[in-house]
Amino acid sequence: MSPTASALLLTAPAATPLVIAAAYALTGLRTRRPAPVPAPVTAKGPVLVAEAPAVQEAPARRPADWAGLLSPVVILLCGSLLAAAVVDDGPRTAYSGLLRADALTAWMLLVVGAVAVVACGSAPAYLSGERAAGRADAGTVWRYHALVQAFLAAMCLAVVTADLGVLWVAVEATTIVTAFLVGHRHTRTSVEAAWKYVVICSAGIALAFLGTVLIYYAARQAGIGEAWALDWPTLVARADRLDPAVTRLGITLVVLGFGAKAGLVPLHAWLPDAHSQAPAPVSALMSGVLLSVAFAAVLRYRVIADAALGPGFTRVLLAGIALLTLALAAGLLLAQRDYKRMLAYSSMEHMSLIALAAAIGSPLALSAALLHIAGHGLAKSVAFCASGRILQIVGTTRIGRVRGLLARAPLLAGAFAGAVVALMAFPPFSLFASELGIARAGFAAGQRLGWVTAVALLLVLIAFAALAARTARMLLGPGAPTEENPSALWPLALGLAACAALGVTTGPLTDLLHAATRAIGG
Amino acid sequence: MSNGLYTQLLDLACGAFLLAAVIVLWQRELAAIVRVFGLQGIALAAIAVLLGAHEERWDLVAVGIGIGVLRAGVLPYLIRRALAALTAAEPAEAPRRITGRQRAHSEEVRETQPLINITASLLTAALLTLLAYAAARPLTELNPTPATRALPVGLAVVLIGFFVLVTRRRALAQVVGFLLLDNGITATAFLATSGVPLIVELGVSFDVLLAVLVLQILTTRMREAFGTTDIDDLRELHD
């Protein structure tokens with residue numbers, strides 16, 4: 001592949017959504033521009049104006065809602081082409097090393113693209129439901145699209161950059177662009193969730209920046225030049241020369257900081273609030289990929305730490321964080337009465353399993369972790385998108401007030417049930433294979449990690465029981481059938497099918513998975 | 001500039017930087033807190049400019065001036081504007097409730113009941129500074145220069161910022177806490193390595209600016225939804 005082609009492939013995943021976001025923002029501004037003319041007429045003027053464009057684009061098919069699917073397709077395409085290229089002849093770089101794709105990048109791009117297809121594919125149905133309920137006008141819809149696309153761009157940038165500083169900037173940018181998606185309504189719960197989200201994530205991620213600065217300091221003192229001291233491949237290659245004491249402090253801060261964004265203790269408190277308040281497709285993106293994009297940063301730093309300090313340090317740190325998160329998530333799942341929060345705590349449960357796999361660190365554990373990232377992303381995005389439709393049908397997020405979903409909307413309830421079954425790690429879904437892999441690797445990795453894995457499995461069992469009991473309550477029971485729109489459910493079916501297919505065989509992705517495992521030290 | 005003068009000026013700037021953080025803890029009026037925060041921005045810019053002048057790196061001087069404009073000018077201006085919006089946006093109620101409204105008004109711009117009282121806060125600041133010195137020992141030992149010897153100051157401000165963030169109840173006081181944390185990290189970066197690469201520095205500054213804008217808008221919304229900016233009233237979401 002020529003350098004121009006790889007530069008193009010590396011630029012497109014972040015640039016395409018950014019361009020589309022700009023297009024949405026501009027169109028949104030232009031449709032709003034005629035508004036001020038009638039505004040001063042009456043006190044009710046602004047209200048009338050806000051509704052006016054909505055009447056204009058009354059036709060049921062809204063091409064603007066579907067245009068959002070373009071960037072997931074581009075991301076998937078670039079991800080696959082990069083995957084083929086890096087498996088054959090190693091990592092690709094562009095812009096003098098600023099952007100770089102190795103197998104982990106390609107894997108994460110594929111996950112981001114696949115989850116974004118599910119989320120952006122569900123968005124038109126979700127938005128028309130919101131419009132019908134009078135909760136969205138033209139302005140909020142344009143803003144929704146622009147922010148979601150910017151969110152995708154920030155996540156792709158975080159994945160394709162090799163510079164750890166730019167990685168940090170991109171992860172912090174995801175917080176900023178999603179703040180108004182979390183707080184898209186002006187209600188008390190919405191504002192509260194957005195405030196907690198921005199304050200906790202920004203403060204947490206600031207710790208990661210302090211950690212990044214310390215690593216940079218250690219790298220400069222180890223004789224690495226200014227331009228390369230935050231370059232991931234350079235740091236990995238020369239990690240043995242980093243000062244251990246400074247690196248230890250830096251890595252601890254980085255793990256805590258990016259862990260905040262990945263929903264791990266101690267800075268996890270934003271996660272259930274934000275996931276339950278955001279619009280369903282955004283919850284799907286946040287839970288499905290934002291958490292794992294942040295964790296991919298931890299995986300990158302883990303390679304540096306293991307080379308500089310030996311594997312013991314990150315192992316203890318990550319295993320401790322994983323167990324605490326898992327215990328917290330399992331406990332709160334038992335007491336959960338809100339189904340969107342239930343899904344949010346289930347995300348914490350799965351992220352802690354991924355952290356545990358990273359702590360174990362053997363090749364089997366790391367490839368299981370990567371497979372788990374993909375499987376959890378697909379299953380959780382389907383679950384969240386389905387929960388958004390359920391919320392529109394039943395009008396509440398309380399588990400206790402939802403009965404007989406299977407009778408009321410069989411297809412939608414089927415998709416939700418399928419996603420929860422996948423999250424409970426039943427075969428044929430890929431989470432079964434990955435959890436089995438993590439457990440096997442844990443028991444093979446010595447006595448202490450064996451105990452940790454045993455405790456983790458016990459906690460997973462508790463979470464399993466809580467999830468099963470609550471979902472069964474929602475699905476079963478009598479109910480009057482409501483009108484369903486099966487054509488709106490294709491993204492959910494696609495997501496579940498992909499998750500099941502990954503569980504049966506990784507097929508053409510096998511080489512990529514192995515290469516990605518090697519790239520992160522497996 | 002001679003070495004002795006450089007060291008003294010650098011220590012002076014770092015001392016002012018730490019002192020500003022402590023005064024933020026001491027003050028209750030949000031307006032005074034924002035003013036002190038602005039002064040801290042100037043001290044931070046002075047650190048960067050001194051380092052740049054000492055190493056004769058003029059790009060660093062430019063970065064320092066840019067940081068000064070952002071942290072001593074733009075960010076305090078944004079917070080002050082949010083504060084003015086809070087005090088101006090008095091709900092048009094019946095005049096008979098004037099006394100009640102005035103009390104609410106004064107509570108809006110003051111930290112009336114911090115979670116931990118002022119004396120205990122100042123003692124905690126002293127402990128946090130000691131902790132910062134202990135934690136920074138390996139950092140200073142790696143490359144002992146006048147700049148890295150002042151490095152614990154940056155870490156102390158990070159810790160004090162965190163402390164403000166968790167103990168203050170006013171939304172805008174929390175924003176200042178977050179910005180103190182950020183100032184501390186920037187100072188650490190300057191003192192340890194003369195600053196991170198320019199592209200990262202630009203990205204970080206841009207992110208901080210946007211975060212403050214977002215928080216400012218959320219503060220207004222919080223006032224609309226809850227009628228106050230007291231964080232303790234955010235209790236709708238819990239398990």
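Before I begin, one definition: when I speak of a helix here I mean a DSSP run of H or I that is at least four residues long, and helices are numbered from the N terminus. What I am showing is a predicted model, so please take each value that follows as computed from it.

Let me start with helix α10 of chain A, which covers residues 244-261. Its 18 residues reach 26 Å from the first C-alpha to the last, close to the 26 Å expected at 1.5 Å a residue. The helix is mostly covered, in that 15 of its 18 residues are buried, and it is followed by G263(A), whose phi is positive, near 80°.

One partner of α10(A) is helix α13 of chain A, residues 312-334, and the two pack at an angle of about 25° with their axes 11 Å apart. Angles under 35 degrees count as roughly parallel, and α10(A) and α13(A) are therefore roughly parallel to each other, with α10(A) passing α13(A) in a right-handed crossing. If you want to find this contact on the screen, look on the α10(A) side for R248(A), I251(A), T252(A), V255(A) and G259(A), which meet F313(A), T314(A), L317(A), L318(A) and I321(A) of α13(A). Sorted by class, the residues of that contact come out as six nonpolar, three polar and one charged.

I would like to turn next to a second pair within chain A, namely α14(A) and α19(A). These pack at an angle of about 160°, with their axes 11 Å apart, and that makes α14(A) roughly antiparallel to α19(A). Their crossing is left-handed. From α14(A) the contact draws on Y339(A), M342(A), S346(A), E349(A), L356(A) and I360(A), while α19(A) supplies L449(A), A456(A), V460(A), A463(A), L467(A), R470(A) and M474(A). By class, these residues divide into 10 nonpolar, one polar and two charged.

Both of those helices come up again around α18(A), which runs over residues 430-444. Which residues of α18(A) are buried? They are S430(A), L431(A), A433(A), S434(A), E435(A), G437(A), I438(A), A439(A), A441(A) and G442(A). What covers them includes α14, α15, α17, α19 and α20 of chain A, and just after α18(A) there is G446(A), with a positive phi of about 105°.

Leaving aside residues up to four places away in sequence, V148(A) touches G68(A) and V282(A). The C-alpha atom of V148(A) is also 10.0 Å from that of I20(A), although the two residues are 128 places apart along the chain.

Now to where the chains meet. The contact takes 38 residues from chain A and 36 residues from chain B. On the chain A side, the elements that give two or more residues are α7, α8 and α10, and the largest share, 19 residues, comes from α8(A). That side of chain A has 24 nonpolar, seven polar and seven charged residues.

Within this region, α7(A) packs against helix α10 of chain B, residues 198-226, at an angle of about 15° with the axes 9 Å apart, and these helices are therefore roughly parallel to each other. The crossing of α7(A) past α10(B) is left-handed. Here G165(A), V166(A), V169(A), E172(A), A173(A), I176(A) and A179(A) meet I199(B), V200(B), G203(B), V204(B), D207(B), L210(B), A211(B) and V214(B), and by class the contact has 11 nonpolar, two polar and two charged residues.

I will finish with one residue of chain B, P152(B), which is found in helix α8 of that chain, residues 151-167. Is P152(B) buried or exposed? It has 24 C-beta neighbours inside 10 Å and so counts as buried. Not counting residues up to four places away in sequence, P152(B) touches A132(B), Y133(B) and A136(B), whereas A62(B), 90 residues apart from P152(B) along the chain, has its C-alpha atom 25 Å from that of P152(B).

Terms used:
Residues numbered from 1 in each chain as written. Chains lettered and ligands numbered in written order. Predicted model: local features only at pLDDT ≥ 70, side-chain atom pairs only at ≥ 80, totals over all residues. Axes fitted to C-alpha atoms, helices over the stretch in contact; angles between N-to-C directions. Parallel < 35°, antiparallel > 145°, perpendicular 65-115°, else oblique. Left-handed = near helix turned anticlockwise from the far one by under 90°. Contact = placed C-beta atoms within 7 Å. Nonpolar A, V, L, I, M, F, W, Y, C, P; charged D, E, K, R; others polar. Expected span 1.5 Å × (residues − 1). Buried ≥ 20, exposed ≤ 12 C-beta atoms within 10 Å, placed from the backbone.
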